[in-house]
Amino acid sequence: MSVILNAGEISRALRRISHEILEKNHGSSEVLLLGIPTRGALLSQRIKVLIEEIEKSPVLAGTLDITMYRDDLRMRPPRTLMPTEIPGGGIDEKHVVLVDDVFYSGRTIRAALDAINEVGRPRSVQLAVLIDRGHRELPIRADFVGKNIPTAKDESVRVHLTEIDGVDEVLIEGRTSS
Amino acid sequence: MKNLLSINDLSKDDALEILDTAVELSRLSENTVRKFPTLRGRTVVNLFFEDSTRTRISFEAAAKRLSADVINFSAKGSSLSKGESLKDTALTLQAMGADAVIIRHSASGAAHQLARQEWMKGSVINAGDGTHEHPTQALLDAFTIRRRLRADSGDLTGLSVAIVGDVLHSRVARSNVLLLQKLGAEVILVAPPTLLPVGVDSWGAQVRYSLDDVLPLVDAVMMLRVQRERMEDLFFPTEREYSRNFGLNLERMNRLKNTAIVMHPGPMNRGLEISADSADSHQSVIVEQVANGVSVRMSVLYLLLGGATARDLNLSSAGGM
């Protein structure tokens with residue numbers, strides 16, 4: 001088990017992502033951040049605070065639970081639903097930025113796109129992730145990446161955030177060579 | 001969890017999980033999402049041997065919002081009225097690939113019978129069996145109480161609920177006593193002695209005979225329907241006398257705390273167990289109970305059918321051969 005990002009590196013990655021989101025969308029007025037629970041929602045909240053610091057104006061943000069849209073529901077016991085909170089004005093005509101912690105097979109994001117489709121019709125959907133570990137199983141890519149980490153499929157990447165885990169760090173587990 | 005037959009099958013954590021899931025589903029339903037793909041390809045059968053409109057359409061709405069296919073099988077005009085046995089019906093439903101059967105039957109224990117025998121592999125949900133249990137009604141009542149008085153979170157510790165009227169014939173009362181006590185609430189049964197079942201002492205609820213004395217003490221009052229269709233004997237002298245002693249009216253409602261809520265599982269006999277003006281008062285949550293029923297039944301269907309089921313496991317092992 002080794003640490004691949006520490007608290008300072010996570011913070012700097014999120015700050016850079018915040019700037020990139022602003023650059024791509026020409027400011028924050030049409031941006032709506034949607035974090036995928038649990039840790040994606042916390043990261044989305046942090047990005048919201050960072051963008052508001054930079055832009056000095058409020059940013060729309062919410063959470064999107066994708067459980068009901070997963071393609072592997074029938075392979076496991078039923079999962080507990082997490083909160084979905086869409087800001088009052090809805091997502092129509094917004095630039096929605098999905099936020100998740102680890103980007104892996106792409107199946108979570110596919111489910112999220114289905115969920116978004118039920119909620120409304122945004123002008124665009126973008127994806128921000130803290131870690132991209134590769135091994136995509138679907139043709140989906142991220143727009144904003146904190147760090148690309150080449151991994152083997154038998155390894156696991158764990159994101160710890162202070163709100164839940166008491167510490168900010170990203171760990172990689174199961175690597176035999178190190 | 002494979003079946004939902006009795007509140008006794010649920011731990012406190014199971015019950016809270018059903019309520020918490022229902023909270024998320026009800027918030028989503030208000031939030032423009034009207035339909036989820038979650039149960040696409042699952043078949044849910046409404047098997048109703050007894051007439052019931054609201055429970056059947058509530059289950060039907062819940063299943064449809066989760067994209068399940070719904071087959072309604074009611075006793076009238078079907079093979080059931082031609083004397084087909086429960087076993088043959090079950091074998092038929094199994095052959096049609098039912099993933100869940102929602103059963104309403106006049107015989108206490110019918111749902112258990114359907115689940116215990118190995119006639120079919122799908123889940124069984126008890127939608128009311130005789131005078132025994134009606135677990136989803138109790139869950140939606142607990143959901144309604146928790147939403148109104150506990151802001152959708154935690155259990156019901158510290159709350160006091162009166163269940164008033166025809167306890168003897170009421171499966172709603174029995175399921176509610178079990179569930180509300182499991183969630184930490186205190187339950188007071190109020191009824192004439194003739195409408196209390198034998199052995200009610202063992203339910204763990206207080207029994208009182210004066211509605212007027214109980215009303216100031218409680219946070220919720222649940223009026224039960226007087227089930228005239230189940231009454232072969234005379235249980236009270238006249239309807240007027242019953243109404244005078246055990247009916248809820250505006251004068252009695254003045255005895256309630258301002259925050260207390262008035263509930264009724266429906267259908268109501270307006271003027272008998274509840275007056276029209278108290279049913280329509282601002283403390284009444286009777287219409288909310290109906291709306292909450294759909295969310296709670298969606299939650300139950302999701303938790304029973306949303307993940308891997310015994311049927312999936314059998315199908316995949318067969319497919320692997």
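A residue is counted as buried if 20 or more other C-beta atoms lie within 10 Å of its own. By this criterion, 47% of the 321 residues of chain B are buried in the predicted model.

Chain B contains twelve helices and nine strands. Along the principal axes, the C-alpha atoms of chain B occupy a box of roughly 70 × 45 × 35 Å. When contacts in chain B between residues at least 6 apart in sequence are considered, 78% of them link residues at least 24 apart.

Helix α1 of chain B covers residues 12-30. At 1.5 Å a residue, its 19 residues should span 27 Å, which agrees with the 27 Å between its end C-alpha atoms. The buried residues of α1(B) include Ala15(B), Ile18(B), Leu19(B), Ala22(B), Val23(B) and Leu25(B). Also buried in this helix are Thr21(B), Glu24(B) and Ser26(B), among others. The cover over the buried residues of α1(B) includes α5, α6 (171-182) and α11 of chain B.

Two helix pairs were examined in this region. Packed helices are described by the angle between their axes and the distance between the axes. For α1(B) and α5(B), the angle is about 65 degrees and the axes are 10 Å apart. The crossing of this pair is right-handed. On the α1(B) side, the contact is formed by Ile18(B), Leu19(B) and Ala22(B); α5(B) contributes Leu139(B), Ala142(B), Phe143(B) and Arg146(B). Six residues of this contact are nonpolar, none is polar and one is charged.

Helix α5 (residues 135-150) of chain B also packs with helix α11 (residues 286-305) of chain B, where the axes come within 8 Å and cross at roughly 115 degrees. This crossing, too, is right-handed. From α5(B), the residues that meet α11(B) include Leu139(B), Leu140(B), Phe143(B) and Arg147(B). Their partners in α11(B) include Glu288(B), Asn292(B), Val296(B) and Val300(B). The contact of α5(B) with α11(B) comprises five nonpolar, five polar and four charged residues. Leu139(B) and Phe143(B) of α5(B) take part in the contact with α1(B) and in the contact with α11(B).

Chain B also touches chain A, in a contact that takes 17 residues from chain A and 16 from chain B. On the chain A side, ten of the residues are nonpolar, four are polar and three are charged.

Methods
Residues are numbered from 1 along each chain as its sequence is written. Chains are lettered from A and ligands numbered from 1 in the order in which they are written. This is a predicted model: local features need pLDDT of at least 70, side-chain atom pairs count only at pLDDT 80 or more; totals for chains, interfaces and linings use all residues. Helices (H or I, at least four residues) and strands (E, at least two) are DSSP runs, numbered from the N terminus. A residue is buried if 20 or more other C-beta atoms lie within 10 Å of its own, exposed if 12 or fewer, and partly exposed in between; C-beta atoms are placed from the backbone. Two residues are in contact if their C-beta atoms, placed from the backbone, lie within 7 Å. Ala, Val, Leu, Ile, Met, Phe, Trp, Tyr, Cys and Pro count as nonpolar, Asp, Glu, Lys and Arg as charged, and the others, Gly among them, as polar. Axes are lines fitted to C-alpha atoms, for helices over the stretch in contact, and angles run from 0 to 180 degrees between N-to-C directions. A crossing is left-handed if the near helix is turned anticlockwise from the far one by less than a right angle, and right-handed if clockwise. The expected span of a helix is 1.5 Å times one less than its number of residues.
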